[in-house]
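This report looks at a few residues and helices in one protein model. Keep the structure in view while reading.

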Amino acid sequence: MSVAAVARLELRRLAVRPLAWALAALTIAWLAWTFVLGLGQFLGAQVKLAAVADAPGFTDLVAIPLLAELAKLAFLVVPLMTMTLIAGERRAGTLALLASTGLPPWRIVLGKYLAVLVWLTLWLLATLAMPLVVGLGSTADWGKLASATLGTALLLATLAAIGIACSAATTFPAIAAAMALIVTLALWTIDRGAQAAGVSGGFLEWLTMATHLQNLLRGLVTSSDLAWFALAIALSLSLAIRRLAFDRERQ
């Protein structure tokens, strides 16, 4: 069985899970409402913005805040989507059956990760369709929107990898979801203590997830930000693979 086969199997499972459909419907409805409110406020402020030099436009006031709202929802949605990927199968006893086929742990982890990425990509595209439709008829800043979209996509991929690592670490899906939420919130606010002490910059600031996402949302794409997300994803998936390999050695 290949990585693609594992991904297809997991996608079929996601397609019949009521939780996945409920999360998609509720979050997209909320994001659509947020978009309508933001667009209404933007249209109402057109006269005032026209009198201001270098005033923010549709991208800054509507599109990027929408992606930022999706990022906030992702902190809850992604742990709920990933909590049963491995923990649920381990609890049900199906993970041992999957391992008995001789499938290497890395294929299991990557297959499940790809399945979640497909779902999250569709979620992102459904959200992005709203500002794109309006932006085609306006003067949207496509470069900044592309950077913000890249940042949101990298955030979703990182949260998914963390969720899978937490799911691999336990037998209980609820504990996996709680662990993923705690880890992501810790990464998001890890530099708050240093800021409270009057210290800014340095390693703690680089280690903080918010630092890198905010740069991309502002339209700034740097190798340091991309490297942070790549390292976070690689480390999380490596931990998940090592845990599955450890389980196999104990059997």
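## Ser147 and helix α8

Ser147 is part of helix α8, which covers residues 142-168. The model is a predicted one. Ser147 has a relative accessibility of 4% and therefore counts as buried, since buried means under 20%. Leaving aside residues up to four places away in sequence, Ser147 touches Leu216, Gly219, Leu220 and Val221.

The helix α8 as a whole can be checked for length. At 1.5 Å a residue, its 27 residues should span 39 Å, and its end C-alpha atoms are 39 Å apart, which agrees. Of the 27 residues of α8, 21 are buried, so the helix is largely enclosed by the rest of the structure.

## The largest nonpolar core

The largest nonpolar core contains 63 residues, and Trp119 and Trp123 have the most contacts inside it. Elements that give two or more residues to this core include α2 (18-44), α7 (105-135), α8 and α13 (223-250). Helix α4 supplies the largest share, 13 residues. In soluble globular proteins, nonpolar side chains tend to be buried together.

What does Trp123 touch, not counting residues up to four places away in sequence? Its contacts are Thr27, Ile28, Leu31, Leu70, Leu73, Ala74, Val77 and Leu156.

## Leu185 in helix α9

Leu185 lies in helix α9, residues 173-189. With a relative accessible area of 41%, Leu185 is partly exposed, because that value falls between the 20% limit for buried and the 50% limit for exposed.

Leu185 and Ala210 are separated by 25 residues in sequence. In space, the C-alpha atoms of Leu185 and Ala210 are 9.8 Å apart.

Key: Residues numbered from 1 in each chain as written. Predicted model: local features only at pLDDT ≥ 70, side-chain atom pairs only at ≥ 80, totals over all residues. Heavy atoms only, no water. Helix = DSSP H or I, 4+ residues; strand = E, 2+ residues; numbered from the N terminus. Buried < 20%, exposed > 50% of the residue type's maximum accessible area, 1.4 Å probe, protein only. Contact = heavy atoms within 4.5 Å. Expected span 1.5 Å × (residues − 1). Core = buried A, V, L, I, M, F, W, Y, C linked by side-chain atoms within 4.5 Å.
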